[in-house]
Amino acid sequence: MTISYKDRAAQLSLPGQIFINGKRVDAASGKVFDNINPGTGQVMNQVAEGDLEDVNRAVENARQTFESGVWSEIAPKDRKRILIRFADLMMEHKEELALLETLDVGKPISDSLAVDVPSSANCIRWHGEACDKVYDEVAPTGPGAFGTITREPIGVIAAVVPWNFPLLMTCWKLGPALAAGNSVVLKPAEQTPLSAIRLAELAVEAGLPEGVFNVVPGFGPTAGKALGMHMDVDCLAFTGSGEVGKLFLQYSGQSNMKRVWLECGGKTPNVVFADCLDLKKAAEAAAIGIFYNQGEVCTAASRLIVQDTIKDQFLEEVLKVTETMQPGDPLDPDTTMGAMVEEKHMNRVLEYIEIGKSEGAKLRCGGERVLLNQGGYYIAPTIFDQVKNSMRIAQEEIFGPVLSTITFKDADEAVAIANDSIYGLAACLWTGDVNKAIGISRRLKAGNMWINCWDGGDMTMPFGGYKQSGNGRDKSLHALDKYTEIKATWFDLS
Ligand code: NAD
C-alpha cells in the first residue's frame with residue numbers, strides 16, 4: 001500500500017529551534033511563535049522566536065568560526081567536497097525537505113519535489129564544483145611590478161529571505177557565500193522557517209564545520225533588523241519586498257556600512273506580438289507564468305501585454321489553460337496550484353482584486369476565495385482584461401494569482417508600457433522575428449530577458465534586477481561578486 005503525502009507529512013518531526021554552532025537551541029527569551037499550515041489554516045508547530053540576543057550569539061559564533069579558518073582557510077577542493085556531499089544529502093532527503101516546504105508555503109508537493117528541492121541542491125552543487133575552478137588574476141603591469149588581484153571571503157554574511165521559495169532563496173545565497181569561504185547567519189521568513197532549520201542540520205551532517213551556517217528564525221522588525229544593524233555583520237544579502245529592502249539600506253547606513261545586496265520585487269511584462277510563432281505555447285506560458293506557485297513569484301508574468309490584433313483570440317487560449325490550473329490540497333500530487341502563504345497575504349491579494357474592479361478592469365475569471373471547507377487560504381486564478389498600465393493592479397506587485405491584460409498597437413508602444421514600471425526584474429517577449437527580438441530586448445529595462453519562454457535559465461545564468469528590483473546577481477559565477485572582497489596586491493620589483 002502506498003502511503004499518501006498527507007500521512008507522510010503527519011509522521012514528520014517538524015524542526016522548530018534556532019540552530020547555532022551546530023546545535024538546536026531555544027530562543028534566549030524562551031519565546032515561541034505558532035507556525036501555521038496555509039493549506040489547512042491549522043497550527044503545525046511552535047518555532048523559537050529569535051531576537052537580538054540570539055542574533056548576537058549567532059553572529060559571534062559565525063565570526064569565531066570564520067576567524068578560526070576551519071572553513072575560510074581550507075583548500076578550495078576540500079570546500080568543494082563538503083558542498084557536494086551537502087547537495088547529495090539534500091537529494092537523499094528530498095521528500096522530507098519537499099514536505100516541509102509544502103507544509104510551510106502551501107505550494108504543491110509535486111512542485112516542491114520536482115523544482116524546489118532539486119534546484120536548491122543543484123545550486124549548492126554548482127557553487128561547490130566552482131570552488132576549485134575559479135582562478136584569480138595577474139594584472140598586466142610593466143616589468144617593474146607584479147600585481148595580483150585576488151578574491152577573499154568577506155567574513156560574516158547575514159541572509160534574510162522571503163517565504164515564497166524558502167529553500168531555493170536560501171541556497172542562492174548560501175551556495176556562493178559558502179563556496180567563497182564565508183560564515184553565514186540566515187533568518188528565514190517567519191511564515192516558513194522549517195526547511196532552513198533542517199538544511200542547517202544537513203549541512204553539518206555533510207561535514208560543514210559547526211558555526212559556519214547558523215539559522216535564527218524570528219520576525220523581521222526584531223531578528224531581521226538586528227542582523228541589518230549588527231556591527232559585526234560584513235554583508236547582508238536580502239530577498240524580499242522593496243519596502244524592506246530599503247530598510248536594509250538604512251540599517252547599513254546607521255551601523256557599519258555593511259554591503260547590502262537586494263533581490264526585490266517585480267512586475268514582469270509578458271509581451272506577445274501577433275507574429276509569435278506558437279500562440280498556444282505562449283498562452284500556456286502566460287497562464288503558468290502568473291499562476292505557478294500561486295502567483296507568489298517575484299518574476300510572475302503579471303502584465304500580459306498583447307498586440308491588439310490578436311488579444312481576444314489569445315486571451316481565450318489563456319482562459320482555457322487557466323481552467324486546468326485550479327487550486328487544490330497542496331499535499332495532493334495532482335494539485336498544480338496551492339494555497340496563499342497566510343491569511344493576511346490572501347486578504348491583501350483579495351483587496352487588489354477589488355481595486356482592479358473599482359479601477360474599471362474587466363474580470364474574466366476567478367476573483368474570489370475558494371475551497372473554504374479546507375480551512376486554508378485559496379484564491380481562484382484571476383484574469384483581468386481591459387487593464388491600463390496606469391492602474392494600481394498593473395503598477396503594484398500583487399504577489400498572487402492575478403493577471404492584468406493590456407493591449408498595444410506597435411513595438412514602440414509595447415516597449416513604453418513594459419518599461420513603465422518601478423521594477424525591472426524580468427521581461428518576456430514572444431515573436432518569430434529575430435531582429436525584433438534582439439532589438440526590443442535591448443530596449444527593455446530588465447535583468448532577465450526571456451525570449452519565447454517564461455522563466456528560462458539555469459545555474460549558468462545570473463539572476464537579478466534593474467531599477468527597484470534590486471542590485472547584484474544571484475546564480476552563476478557573478479554571485480561570487482557579492483560574497484568576496486577583491487584585493488589588489490602590488491609587488492614593487494624595481
Ligand atoms: P518581505 O520583504 O516582507 O520579507 C522578507 C524578509 O524580510 C523576511 O524574512 C522578513 O521577516 C524580513 N523583514 C520583514 N520586515 C523587516 C524589517 N522591518 N526589518 C528587517 N527584516 C524584515 O517579503 P516577503 O513578503 O517575505 O516576500 C515577498 C517579496 O519578496 C516580494 O516582493 C517578492 O517579489 C520578493 N522576492 C524577490 C525575489 C527576487 O529574487 N528578486 C525572489 C523571491 C521573492
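Hi everyone, this is a short tour of one chain, from its overall build down to a few single residues.

The model is predicted, so to speak of local features we ask for pLDDT of at least 70, side-chain atom pairs count only at pLDDT 80 or more, and totals for chains, interfaces and linings use all residues. Residues are numbered from 1 along each chain as its sequence is written, and side-chain values use heavy atoms, with hydrogens and water left out.

Let's take the whole chain to begin with. It has 16 helices and 23 strands; these are DSSP runs numbered from the N terminus, with helices being H or I of at least four residues and strands being E of at least two. The radius of gyration is 23 Å, close to the 23 Å that the globule rule gives for 494 residues, so the chain is as compact as a globular protein of that length. For that value the radius is taken over C-alpha atoms, and the rule is 2.2 Å times the number of residues to the power 0.38. Along the principal axes, the C-alpha atoms fill a box of roughly 70 × 60 × 45 Å.

How much of the chain is buried? Of the 494 residues, 57% are buried, where buried means under 20% relative accessible area, exposed means over 50%, and partly exposed is in between, with a 1.4 Å probe and protein chains only. The accessible surface comes to about 19,600 Å², and 53% of it belongs to carbon and sulfur atoms; areas come from the Shrake-Rupley method with a 1.4 Å probe, and for residues only the protein chains shown count as cover. As for contacts (heavy atoms within 4.5 Å), take those between residues at least 6 apart in sequence: 74% of them join residues at least 24 apart.

Now for the charges. There are 48 positive and 64 negative side chains, and the centres of the two sets lie 3 Å apart. Lys and Arg count as positive and Asp and Glu as negative, without His or the chain ends, and each charge is placed at NZ of Lys, CZ of Arg, CG of Asp or CD of Glu.

Side chains of opposite charge can pair when their charged atoms come close. We call it a salt bridge when a side-chain nitrogen of Lys or Arg is within 4 Å of a carboxyl oxygen of Asp or Glu, and by this rule the count comes to 33. Let me show you three of them.

In one of these pairs, Glu210 meets Lys23, with the closest N and O atoms 3.4 Å apart. Glu210 sits in the loop between helix 7 (194-205) and strand 9 (213-215) while Lys23 belongs to strand 2 (residues 23-25), so this pair ties together parts that are 187 residues apart in sequence. Glu210 is partly exposed at 40% relative accessibility, and Lys23 is partly exposed too, at 43%.

Next, Lys482 and Glu263 form a salt bridge whose closest N and O atoms are 3.6 Å apart. This one links distant parts of the chain, helix 16 (residues 480-483) for Lys482 and strand 11 (residues 259-263) for Glu263, 219 residues apart. Lys482 is buried at 2%, and Glu263 is buried at 4%.

The remaining example is Arg198 with Glu201, where the closest N and O atoms are 2.8 Å apart. These two are three residues apart in helix 7, which separates them by about one helical turn. Arg198 is buried at 14%, and so is Glu201 at 13%. Through shared partners, salt bridges join Arg24, Glu96, Arg198 and Glu201 into one network.

Let's move on to helix 8, residues 220-229. Which of its residues are buried? They are Ala223, Gly224, Ala226, Leu227 and Gly228. The buried residues of helix 8 pack against helix 2 (52-68), strand 7 (156-160), strand 8 (183-187), strand 10 (235-239) and helix 9 (242-254).

A quick stop at Ala28, in the loop between strand 2 and strand 3 (32-37). Ala28 is partly exposed at 41%, and beyond its neighbours within four places in sequence it is in contact with Glu53, Asp54 and Arg57.

Finally, a pair of backbone angles to look at on screen. Asn452 has a positive phi of about 55° although it is not a glycine; it lies in the loop between strand 21 (448-451) and strand 22 (466-467). Lys467, placed in strand 22, has a positive phi near 50°, and it is not a glycine either.
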